[in-house]
Amino acid sequence: MRIHLLFLGLLAASGVFAQEEGPYVPPTDTAVQRKIAWWQDLKFGLLMHWGTYSQWGIVESWSLCPEDEGWTQRKGPYSADYFTYKKAYENLLTTFNPTSFDPSRWAAAAKAAGMRYVVFTTKHHDGFCMFDTHQTDYSVMHSPFHRNIALEVFNAFRSQGFGIGAYFSKPDWHSNDYWWSYFPPKDRNVNYDPAKYPERWQHFKDYTYNQIQELMSGYGHMDILWLDGGWVHPNHTEGHFNQDIDMARIASMARGYQPGLIVVDRAVGGPFENYRTPEQQVPTQPLTYPWETCMTMGDSWSYVPGDHYKPSSQLIHLLVRIVAWGGNFLLNVGPSPDGDWDPLVYERLRDIGGWMNINGSAIYGSRMIAPYGKDRVYYTRSADTTYVFYLSAEGSDTVSLPPSLPLDGFTIPAGSRVTLLGSGARIPFSGSVLMIPHKLVGKEAGKYAVVFAITKR
């Protein structure tokens, strides 16, 4: 395993995420350092949001939350009264029966697409558990399906060589120790003052600890603990309570079972956010610390009938840009209530896989190299090879090469050998300009993006 320690000793680069969370804190545990370096080589992963909410085809969990009404609004026959709606939502447990569930098919499709790690929602904010927990009856084991979905997903993907990540929501809107029934919920936060009711808050801390312990001790080898709900943290902010769940205790326990575990306490900063996770966007510049864009393939995180899926060209361009700027790409898919993906998801993954089969050497194990890239030209490096990506024009799937391709800010070392991946064609050059052979000019050189490999002799 190669160890890249570029991120060590570096503080956060400028950008919205660094400004919100403060300087990046590099891990001091050498096992975690090695695991992050391993993860950075993977580049492309799969995220899945799935729960009982898929039966209604609605946004995951958020319609239970009495804030941001514009995008979390309730719909349907139970929507007029909040408490009636919440009861009906939680009653979806009794009808959750995804009989088409076949995680081995998902793992095979993801592997063929070039994905190398998976992060699966074991529990979202609504508190419904997709694993066999002994802490609550609000789980898939008490549904008609009565199968440990998380365990089956992890086993299926692990058998295909994937890195394994468990998504887990720190807030739990089903728990009476988070949203205490004595008070109505006001927003996404705990609805009582933990300082005033310390025993109740301790019960919630223990509940959280025990569930994470179950996941870390009974579900095989784990690589990533991906914690969502960044508002649950010890830093008091105006109008909100201190919500310290003792991350030091949780991380210590988790790594006791899973040495080197990457802990991602999202949007909190500090020593338990081992990499950053910009959501639904790509940073505006390269970043010097470990990071991962998490983004939906469609418009929604969870299953919505007739969702609009991003075209293959856009997904591949995102992957190139993210990797060239030093990040990983975690692409989300929401399974349907019957337990399968939309046919368009499989189609997109096949397209990505075909492209990765030709150009994956420019993605996996690569690192940033100045000038990083912009517009249609991007760069990565691996060992003694620099890769130059030339993207298809916006709205087009095919790449047509110009007579010459200037590489602004990058000079090709004298004596280098330049080839076009997939064809093996030799490409002459002069200084910082690729001189495209006449036989390739104006022709379809590839789909979505082509890659030139520049190797020092």
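Visitor: What makes Arg147 and Glu152 a salt bridge?

Guide: In this predicted model, the closest N and O atoms of Arg147 and Glu152 are 2.7 Å apart. A salt bridge requires a side-chain nitrogen of Lys or Arg within 4 Å of a carboxyl oxygen of Asp or Glu, so the pair of Arg147 and Glu152 at 2.7 Å qualifies.

Visitor: Why are Arg147 and Glu152 called partly exposed?

Guide: Arg147 has a relative accessible area of 32%, and Glu152 has 24%. Buried means under 20% and exposed means over 50%. Both values fall in between, so partly exposed is the term for Arg147 and for Glu152.

Visitor: How many salt bridges are there by this rule?

Guide: The count comes to 14. One of them joins the side chains of Arg367 and Asp41, with 3.1 Å from N to O. This pair links distant parts of the chain.

Visitor: How do you know that Arg367 and Asp41 link distant parts of the chain?

Guide: They are 326 residues apart. Arg367 is in the loop between helix H10 and strand S8, while Asp41 belongs to helix H2, residues 30-42.

Visitor: Are Arg367 and Asp41 buried or exposed?

Guide: Arg367 has a relative accessible area of 7%, and Asp41 has 14%. The cut-off for buried is under 20%, so Arg367 is buried, and so is Asp41.

Visitor: Which residue forms a salt bridge with Arg276?

Guide: Glu273 does, the closest N and O atoms being 3.3 Å apart. That distance is within 4 Å, so the pair counts. Both Arg276 and Glu273 are buried. There is also a network of salt bridges, which links Asp228, Arg266 and Glu279.

Visitor: Why is Val264 called buried?

Guide: Its relative accessibility is 0%, and buried means under 20%, so the label applies to Val264. Val264 is found in strand S5. Leaving aside neighbours within four places in sequence, its contacts include Ile224, Leu225, Trp226, Leu227 and Phe272. Glu273, the partner of Arg276, is also in contact with Val264.

Visitor: How many Å separate Val264 and Gly415 in space?

Guide: The C-alpha to C-alpha distance is 44 Å, and in sequence the two are 151 residues apart.

Visitor: Which residues of helix H8 are buried?

Guide: In H8, residues 247-257, they are Met247, Ile250, Ala251, Met253, Ala254 and Arg255. Among the elements that cover them are H2, helix H7 (198-218), strand S4 (224-228) and strand S5 (262-265). H2 is also the helix that holds Asp41, and S5 the strand that holds Val264.

Visitor: What makes Arg348 a buried residue?

Guide: Arg348 lies in helix H10. Its relative accessible area is 11%; the cut-off is under 20%, so Arg348 counts as buried. Not counting residues up to four places away in sequence, Arg348 touches Met297, Tyr309, Lys310, Pro311, Ser312 and Leu315.

Visitor: Why is Ala383 called exposed?

Guide: Ala383 has a relative accessible area of 76%. Ala383 is found in the loop between strand S9 (377-382) and strand S10 (385-391).

Visitor: What is the phi of Ala383?

Guide: Phi is near 55°, a positive value in a residue other than glycine. Most residues other than glycine have a negative phi, and most peptide bonds are trans. His146 likewise has a positive phi, of about 50°, and is not a glycine. His146 is found in the loop between strand S2 (117-123) and helix H6 (149-158).

Visitor: Which residues does a cis peptide bond join?

Guide: Ala370 and Pro371, with omega about 10°. Pro371 lies in the loop between H10 and S8, the loop that also holds Arg367.

Visitor: Why does the radius of gyration of the protein chain agree with a compact globule?

Guide: With 457 residues, a compact globule would have a radius near 23 Å, and the protein chain has 23 Å, so the two agree. The C-alpha trace spans about 75 × 45 × 40 Å along its principal axes. Buried residues make up 58% of the 457 residues. The secondary structure comes to 10 helices and 17 strands.

How values were computed:
Residues numbered from 1 in each chain as written. Predicted model: local features only at pLDDT ≥ 70, side-chain atom pairs only at ≥ 80, totals over all residues. Heavy atoms only, no water. Helix = DSSP H or I, 4+ residues; strand = E, 2+ residues; numbered from the N terminus. Rg over C-alpha atoms; globule rule 2.2 N^0.38 Å. Buried < 20%, exposed > 50% of the residue type's maximum accessible area, 1.4 Å probe, protein only. Contact = heavy atoms within 4.5 Å.
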